[in-house]
Amino acid sequence: MLLPPANWLPHAPLEHLRLDWLSAAGIEVAILRLDQIDPLISGNKWFKLTEHLNAAERAGAEGIISLGGAHSNHLHALAAAGQRLGFATVGLLRGHAQQTPTVEDLQAFGMQLHWLGYSGYRARNESGFWEPWQAQYPQLYAVPEGGGGLAGARGCAAIHSQAQTQLAALGWQDFHAWWLACGTGTTLAGLVLAEAGARHVYGALAVPGDHGVAAQIESILHPAGQGCGGYTLFDASRGGFAKIDPALLAFIEQTEQASGVPLEPLYTGKALLALKQQVEAGRFAPGTRLLFVHSGGLQGRRAMLAGR
């Protein structure tokens, strides 16, 4: 059994985000706290997994095999789900064996790990990559890196629904656009599909532009019948994936003190700082209401902020 009980639906609170730079610009932001849906199966990763788990269940699989790095939020959520729901998990990891808080959790959750090196991991998108792994683990269902693809995007429709049902409690009848971090672009693509042109979706890239996120988004939207448009991407990577600098750390510390919302430096911290820069540049007119997605990933900050 790969699926949770039918009555188990993670709930993400929607809250006002009150910060001086938003007030000064006359911009209202509500934050969807995906970090609070579950202590372990946290953030947008669960939503991206749901349709993959449905497909695995239909295929009669006994578990999931997928990919990620030594701090992977996706593998962390997958391994935790496997332990809780009782299905097998295998992780194919980038680089060489190392111990991080995330890796220690993966092992504690019972995930079997294989380290691919860097060249081996780069081959993950090549034809035939999965063949030896499916031969070794024929009972497992292969899920793309980060829970990506059209199935992952469709699972994110529930994120849209959770926000929509909570607007009235905020005193909002509607809002103008979404803002969120992008790693693979899957969650953004899911929101674009759910909106179907009704609202714009802004994505703050946690990776440099040459990582192909725009192409990945289009590869999801086109098969789903969604034409180009409906979203805008901004480079929020600050020089590269996992690049952390003093200005970013200072912004995260100040924001956490002012708002009480915990952030991490790979996704949500960079995305919110990019929003501040765009607000201060005058991109949004006073009176604009935005919905910011907190995509979780707080488990990864244990190593990223260690010793800083």
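The model is predicted, with local features requiring pLDDT of at least 70, side-chain atom pairs counting only at pLDDT 80 or more, and totals for chains, interfaces and linings using all residues. Residues are numbered from 1 along each chain as its sequence is written, and side-chain values use heavy atoms, leaving out hydrogens and water.

**The sheet**

Begin by selecting strands S5, S4, S3 and S6, which form an open, parallel sheet in the order S5-S4-S3-S6; strands are DSSP runs of E with at least two residues, helices are runs of H or I with at least four, and both are numbered from the N terminus, while two strands pair if DSSP finds at least two bridges between them. Strand S5 (112-115) and strand S6 (140-142) are the edges, and each has a single partner strand, so one side of each lacks a neighbour in the sheet. From one strand to the next the twist averages 25°.

Next, colour strand S3 (residues 63-68), which pairs with S6 in the parallel sense over three bridges; the partner of Ile64 in S6 is Tyr141.

**The core**

Keep Ile64 selected: leaving aside neighbours within four places in sequence, its contacts (heavy atoms within 4.5 Å) include Leu53, Leu78, Val90 and Tyr141. The largest nonpolar core has 55 residues, and Ile64, Trp178 and Leu291 are among those with the most contacts inside it; such a core is a set of buried Ala, Val, Leu, Ile, Met, Phe, Trp, Tyr and Cys residues joined through side-chain atoms within 4.5 Å. Helix H3 (residues 73-85) gives the most to this core, with six residues.

**Charged pairs**

Finally, display Arg33 and Asp35, whose salt bridge (a side-chain nitrogen of Lys or Arg within 4 Å of a carboxyl oxygen of Asp or Glu) has its closest N and O atoms 2.8 Å apart. Arg33 is buried at 5% relative accessibility, where buried means under 20% relative accessible area, exposed over 50% and partly exposed in between, with a 1.4 Å probe and protein chains only.

Technical notes:
Axes are lines fitted to C-alpha atoms, for helices over the stretch in contact, and angles run from 0 to 180 degrees between N-to-C directions.
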